[in-house]
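Here are some notes to read beside the model.

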Amino acid sequence: MINKSEIIEQTNLAFDFIQKLYLEVSYLIKEIEGILHEEEEKFIIGRPAGYGISARSSTGLESTNVNLWLLRKFAVFFVPKDKTRVERGQTITDIDDNLKILYLRIILRDKNINEPKIYAGVLYNIHKKPQVKWIGKFENVMGHLEYNDDKIFKNIEKIDYEDAYIKIQGELVENNLFEINNSETIRKKLIEPSLDLFRKS
């Protein structure tokens, strides 16, 4: 039987590891942000609620909600600078017929994967249904994507999703997160394929 001191040590190690993992992922996102800002489109990171990620989370005590206490999946998007504006620390990206965004999704843990994954690519043909009042900009869609991720991203190579609120298409490439470990790999496996998809869509 495990004694108290071992449980304390293991708990501390587990939290330290998760915190380090989150920090490394944040550095990765910031590096991607810097590289994309140097591209001809001058991409900037979307800020739905300030400078952060979009994720489905919970603080509920019901057992199904406790599973959402720890962030396992989250996403960010990047948009050409001339397609958005920044007000009070948030971006406002109007949804029109020409809107295309670069989408970056990180999955640290999921029942369908054996190791952490990172998905990168493009979302386009983004339309909100006319009767939907709560979607005023693309930033409002990010939470909806997280909530419906199993349906939307079931085929990442050909995303074609429609519900009562939005219609969206796209294409993402998949990589093992821990194989993205230097600037060259970021460019080769994430940036270049994403830009190719963005520019041809």
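1. Strands β1 and β2 (residues 73-80) pair in the antiparallel sense over three bridges. Two strands count as paired if DSSP finds at least two bridges between them. Strands are DSSP runs of E with at least two residues, helices are runs of H or I with at least four, and both are numbered from the N terminus. Phe43 stands opposite Pro80 in β2.

2. This is a predicted model: local features need pLDDT of at least 70, side-chain atom pairs count only at pLDDT 80 or more, and totals for chains, interfaces and linings use all residues. Residues are numbered from 1 along each chain as its sequence is written, and side-chain values use heavy atoms, without hydrogens and water.

3. What is the order of the six strands in the open sheet? The order is β1-β2-β5-β6-β8-β7, with antiparallel pairing. At the edges are β1 (43-45) and β7 (159-162), each of which pairs on one side only. From one strand to the next, the twist averages 30°.

4. Helix α3 (residues 139-147) lies across β2, β5 (101-107), β6 (117-128) and β8 (166-176), at about 150° to β2. Helix α5 (residues 183-200) lies across β1, β2, β5, β6 and β8, at about 20° to β6. Axes are lines fitted to C-alpha atoms, for helices over the stretch in contact (heavy atoms within 4.5 Å), and angles run from 0 to 180 degrees between N-to-C directions.

5. Trp69 lies in the loop between α2 (63-66) and β2. Its relative accessible area is 47%, so Trp69 is partly exposed (buried is under 20%, exposed over 50%, partly exposed in between; 1.4 Å probe, protein chains only).
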